[in-house]
Amino acid sequence: MKLNEFLLAEMDREIDRSRRALEQVPEGKYDWKPHEKSMIFGYLADMVATIPSWIVMEVTQNELDVAPADGSTMKQEPKKTSAALIQALDKSAADARAALAKTTDEHLKTTWQLKARGHVVQEAPRYEMIQDTINHWAHHRGQMTVYLRLMGAKVPALYGPSADDKSFRYTSGLAARAHHYN
């Protein structure tokens, strides 16, 4: 199996799981956070919706500086509804699928850099950085489901049943077909 096929299959499974979590986002909770040191829920949900766009950067650019010295940032319009978040997920996922479909194993083995203020903070082959991004995505989605629970929203079955969704969902294969078991 080619690296891009492996990464596409893995990403597609995570897209399905992210969609189920984003479907549960309650309106009017954008600024909610469980603790003063926690990030706000809306920002966290936005990350879950748009992390596939990071994969596009890891395929199409050689580096990303997350804290440029000039202080510039990538500001996005807040997505305050489940529908807006799912729309953002669909776009970022489609863009990531297209980038991965067009690339080669040779390119995925080349080095990619994550920088902060011009200094390299992480450097690895692109395919490793993409795998780390997918793991990072799962981490933030898990964090988001804790927020959902604390807000009284439903927590969907993601890797197995939840207290709110007793179905066991398994996604597999390049098409990431969902099978529901009750």
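**Close-up 1. Thr145, a buried residue of helix α6.** In this predicted model, Thr145 has a relative accessibility of 12%, and because anything under 20% is classed as buried, Thr145 counts as buried. Thr145 sits in helix α6, which covers residues 126-151. Leaving aside residues up to four places away in sequence, Thr145 touches Val155 and Leu158.

**Close-up 2. Helix α1 from end to end.** Helix α1 runs over residues 3-22, and at 1.5 Å a residue its 20 residues should span 28 Å.

**Close-up 3. Helix α1 packed with helix α6.** Two packed helices are described by the angle between their axes and the distance between the axes. For α1 and α6, the angle is about 10° and the axes are 11 Å apart. Angles under 35 degrees count as roughly parallel, so α1 is roughly parallel to α6. On the α1 side, the residues in contact include Leu3, Phe6, Leu7, Glu10, Met11 and Glu14. On the α6 side, they include Tyr127, Ile130, Gln131, Ile134, Trp137 and Arg141. Sorted by class, the contact of α1 with α6 has 14 nonpolar, 2 polar and 4 charged residues.

**Close-up 4. Helix α1 packed with helix α4.** Helix α4 spans residues 82-102, and its axis comes within 11 Å of that of α1, crossing at roughly 180°. Since angles over 145 degrees count as roughly antiparallel, α1 is roughly antiparallel to α4. Among the α1 residues that make this contact are Asn4, Leu8, Asp12, Ile15 and Arg19. Their partners in α4 include Ser82, Leu85, Leu89, Asp90, Arg97 and Leu100. The residues of the contact divide into 12 nonpolar, 3 polar and 4 charged.

Close-up 5. The protein averages a pLDDT of 90, and 92% of the residues score at least 70. Among the elements, helix α5 (residues 105-108) has the highest mean pLDDT, 98, while strand β5 (residues 177-181) has the lowest, 35. Over residues 172-182 the pLDDT is below 50. Beyond near neighbours in sequence, this stretch still has 22 contacts in the model. A friendly caution applies: where pLDDT is low, the predicted coordinates should not be read in detail.

Methods
Residues numbered from 1 in each chain as written. Predicted model: local features only at pLDDT ≥ 70, side-chain atom pairs only at ≥ 80, totals over all residues. Heavy atoms only, no water. pLDDT = per-residue confidence, 0-100. Helix = DSSP H or I, 4+ residues; strand = E, 2+ residues; numbered from the N terminus. Contact = heavy atoms within 4.5 Å. Expected span 1.5 Å × (residues − 1). Buried < 20%, exposed > 50% of the residue type's maximum accessible area, 1.4 Å probe, protein only. Axes fitted to C-alpha atoms, helices over the stretch in contact; angles between N-to-C directions. Parallel < 35°, antiparallel > 145°, perpendicular 65-115°, else oblique. Nonpolar A, V, L, I, M, F, W, Y, C, P; charged D, E, K, R; others polar.
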